[in-house]
Amino acid sequence: MNTSTHDEVTSFQTGFDLHPDHVIPVRTSEDVVAAVRHAADARLPVTVLATGHGLPGPVEGGVLISTRPMDRVTIDAGARTARVQAGVRWRDVVAAAAPHGLAPLNGSAPGVGAVSYTLGGGLGILAREFGYAADHVRSLDVVTGDGRLRQATPGSELYWGLLGGGRRLGVVTALEIGLVPVRTLYGGSLAFDGGEVDPKALLEAYEEWTRTVPDALTSSFAAVPYPDLPALPPHLRGRYVVSVRVAYTGTDGDRLLAPLRKFGPVLADSLREMPYAESHTIHSDPDFPHSYYGDSAVLGELNVARAGELLERTGPGAGAMVVVQINHLGGALARPAPNSVPYREGRFLVRLLAMGGRQQGRAVLDPAFALLAPLTLGRSVNFAFGAGDRTAGLYDAGTDKRLAELESRYDPASLFRGGVSA
């Protein structure tokens, strides 16, 4: 069994140490079969790493399977599908689909691993129109705990469990996913200086505005206290920036955004018609490795008073740089689908990301999430950045029980460490 060196354990998330006993880069499904059988024979736990955006936590011992070499994307334009191997990043799928006037249901950051993202559900930039990325999977190739390569298709219990349950059941080596006919969209960010406008008032206006928009419009509210660093653009440096990010496939975007544009003096306005290939500019997520800790709460409703207090606790005086993002849910996200993605009745998803390590992050984020506890339905596995060791709330009781039954069937030796690392 070949093992590799330090390069295979580098991660986008630099806050958690990875010290496996064995690191195995894989290029084919047969390589994965061999790696899983090796781990089973040695009675070693298995962790899977693609890009490392969503590491559930540190890794000590065991076998780490690196899927980065599995980076092939194949587009079938006639069928509107893509076959995506386990190490592929979303930027590669977007680039391959765009010449055909098609788009995947990718997230905001182009460097995230497409397969891991989808296994956790996949809340994308067009989610309210088309649903979760997991809702558009045609089939999965997966190596289960017995070292068998299987294909999971709609209607099977393995298909249900993998899509939403993440890597609890095996190592997914490839997906066939449906693409949507989107060539262009209206999108961008409308940003305000939190020192000139009241962030809580903007959040209240945003919540009211979400009640008026069509399902074809997906948006989020963000609040970010930027440090005063020369590397940042001048309009962000040292400011507490509150913004609304939008992706819309309709033709009347300016009309829909007019009420928010009138809210106050605009710091920056990047809303425009754009090719889908430029959709990553809507959020402009950082593309450099760094240390962070994060978690999430799916809310039945957004209580503006509680959310306003949350902004106060996570703002410039929080003692740590905390990024707040509140995603508007509903629309196609609320429709039932044959997978284990939970909490579809949620109306908002609150995501908090603290720069730095787990201890510092929890000191700030735990009290903030406690504010939202009376409104919280559960958590999102895709956004448990370093908090994946705490499993409470990741699934409702019925889903969790059913996933545990599938684990006992497909991974009876409990080889696979839980969580999703996109």
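Predicted model: local features only at pLDDT ≥ 70, side-chain atom pairs only at ≥ 80, totals over all residues.

Me: Is strand S16 largely enclosed or left open by the rest of the structure, and why?
Reply: Buried means under 20% relative accessible area. Eight of the eight residues of S16, residues 292-299, are buried, so the strand is largely enclosed.

Me: Which residues point the other way from S16 than Tyr292, Gly294, Ser296 and Val298?
Reply: The residues of S16 point two ways, and all are buried. Tyr292, Gly294, Ser296 and Val298 take one way. The other way point Tyr293, Asp295, Ala297 and Leu299.

Me: What is the bridge partner of tyrosine 292 in S18?
Reply: S16 runs antiparallel to S18, residues 348-355, and eight bridges join them. Within S18, tyrosine 292 has as its bridge partner methionine 355.

Me: And in S19, what is the bridge partner of valine 298?
Reply: S19 covers residues 376-378 and pairs with S16 in the antiparallel sense, over two bridges. In S19, valine 298 is bridged to glycine 378.

Me: Which strands stand at the edges of the open three-stranded sheet?
Reply: The order is S2-S5-S3, with parallel pairing. An edge strand here has a single partner strand, so one side is left without a neighbour in the sheet. That applies to S2 (22-25) and S3 (46-49).

Me: Which residue in S5 does proline 25 stand opposite?
Reply: S2 and S5, residues 63-66, pair in the parallel sense over four bridges. Opposite proline 25 stands serine 66.

Me: At what angle does helix H1 run to S5?
Reply: H1, residues 29-42, lies across S2, S3 and S5. Its angle to S5 is about 175°.

Definitions and conventions. Residues numbered from 1 in each chain as written. Heavy atoms only, no water. Buried < 20%, exposed > 50% of the residue type's maximum accessible area, 1.4 Å probe, protein only. Pairing = 2+ DSSP bridges. Contact = heavy atoms within 4.5 Å. Axes fitted to C-alpha atoms, helices over the stretch in contact; angles between N-to-C directions.
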